[in-house]
Amino acid sequence: MIRRFGDTPKKSQSYWRRPGVYALLPRDGELLLTCQREPGPDIQLPGGGIDPGESPIPALHREVMEETGWTISQPRKLGAFRRFAYMPEYDLWAEKLCHIYIARPARRICAPTEPLHDAMWVRADVACEILGNAGDRHFAKHHSAMDGADLTYQKTCKSGRLWRAA
């Protein structure tokens with residue numbers, strides 16, 4: 001069974017199952033996140049829905065590029081969770097099946113192309129607190145303590161900044 005985060009589904013409401021892919025993108029003690037400005041500012045892991053006929057990894061590359069302007073490499077699946085939410089941009093009640101990956105941010109190509117999204121680097125410890133949904137916070141916190149040369153969460157950001165533009 002996939003763990004659920006957030007609100008309990010309403011029995012009177014029907015939900016559209018919406019699979020999506022999201023990325024933890026660590027570098028030098030920070031995470032690359034996206035801020036969706038409307039319908040209200042929401043700090044998120046970069047990612048989004050898998051389009052019909054699309055596979056998860058190409059969707060992950062596409063969504064990260066759209067929301068941050070960065071390419072990624074070496075994506076590795078960490079797990080999944082689900083949450084029930086209203087998506088005002090689509091006027092849709094969704095059962096979001098969120099597949100979480102960790103990847104290396106490889107290169108900034110451009111500014112985000114997704115309207116109303118801003119890319120931002122945030123200290124990993126701060127990101128664990130400000131991410132807008134409990135599932136994202138869970139994965140950020142759980143994996144912030146992982147060891148390994150491919151993860152940079154263990155480094156301390158000495159600048160004292162909370163976040164900076166990507």
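## Helix H3

In this predicted model, Gly135, Asp136, Phe139, Ala140 and His143 are the buried residues of helix H3. Viewed down the axis of H3, these buried residues lie within an arc of 130 degrees, so they line one face of the helix.

Several elements cover the buried residues of H3, including S1, strand S3 (30-36), strand S4 (42-44), S6, S7 and helix H2 (124-130). At the start of H3, the backbone nitrogen of Gly135 has a side-chain oxygen of Asn133 within 3.0 Å.

## The four-stranded sheet

Four strands form an open sheet in the order S5-S1-S7-S6, and their pairing is mixed. Strand S5 (47-49) and strand S6 (70-87) are the edge strands, each pairing on one side only. From one strand to the next, the twist averages 20 degrees. In general, strands of a sheet pair through backbone hydrogen bonds, either parallel or antiparallel.

Strand S1 (residues 16-24) and strand S7 (residues 92-108) run parallel and are joined by nine bridges. Within this pairing, Ile100 in S7 stands opposite Tyr22. S6 and S7, by contrast, run antiparallel, with 15 bridges between them. Arg107 in S7 is the bridge partner of Thr71. The hairpin of S6 and S7 has four residues between the strands, and Asp91 takes a positive phi near 50 degrees there.

## Helices on the sheet

Helix H1 (residues 56-68) lies across S1, S5, S6 and S7, and runs at about 85 degrees to S6. Helix H3 (residues 134-144) also packs on the sheet, where it touches S1, S6 and S7. The direction of H3 makes about 140 degrees with that of S6.

How many of the residues of S3 are buried? Seven of its seven residues are buried, and the strand is described as mostly covered. Both faces of S3 are covered, with Glu30, Leu32, Thr34 and Gln36 buried on one side and Leu31, Leu33 and Cys35 buried on the other.

S3 pairs with strand S2 (residues 26-27) in the antiparallel sense through two bridges, and Leu31 in S3 is the bridge partner of Pro26. S2 and S3 form a hairpin with two residues between them, and Asp28 in the turn has a positive phi of about 50 degrees. Seven bridges connect S3 with strand S8 (residues 117-123), again in the antiparallel sense; in this pairing Arg123 in S8 stands opposite Glu30. S3 and S4 also run antiparallel and are joined by three bridges. Asp42 in S4 is the bridge partner of Gln36, and the hairpin of S3 and S4 has five residues between the strands.

## The chain as a whole

The protein chain contains three helices and nine strands. Along the sequence, these elements follow the pattern β-β-β-β-β-α-β-β-β-α-α-β.

Of the 166 residues in the protein chain, 43% are buried. The chain exposes about 8,800 Å², of which carbon and sulfur atoms supply 51%. Among contacts between residues at least 6 apart in sequence, 72% join residues at least 24 apart.

Notes. Residues numbered from 1 in each chain as written. Predicted model: local features only at pLDDT ≥ 70, side-chain atom pairs only at ≥ 80, totals over all residues. Heavy atoms only, no water. Pairing = 2+ DSSP bridges. Axes fitted to C-alpha atoms, helices over the stretch in contact; angles between N-to-C directions. Contact = heavy atoms within 4.5 Å. Buried < 20%, exposed > 50% of the residue type's maximum accessible area, 1.4 Å probe, protein only. Arc of directions from axis to C-beta. Polar contact = N/O pair within 3.5 Å; in protein donor to acceptor, adjacent residues only side chain to side chain. Areas by Shrake-Rupley, 256 points an atom, 1.4 Å probe, with all protein chains shown as cover.
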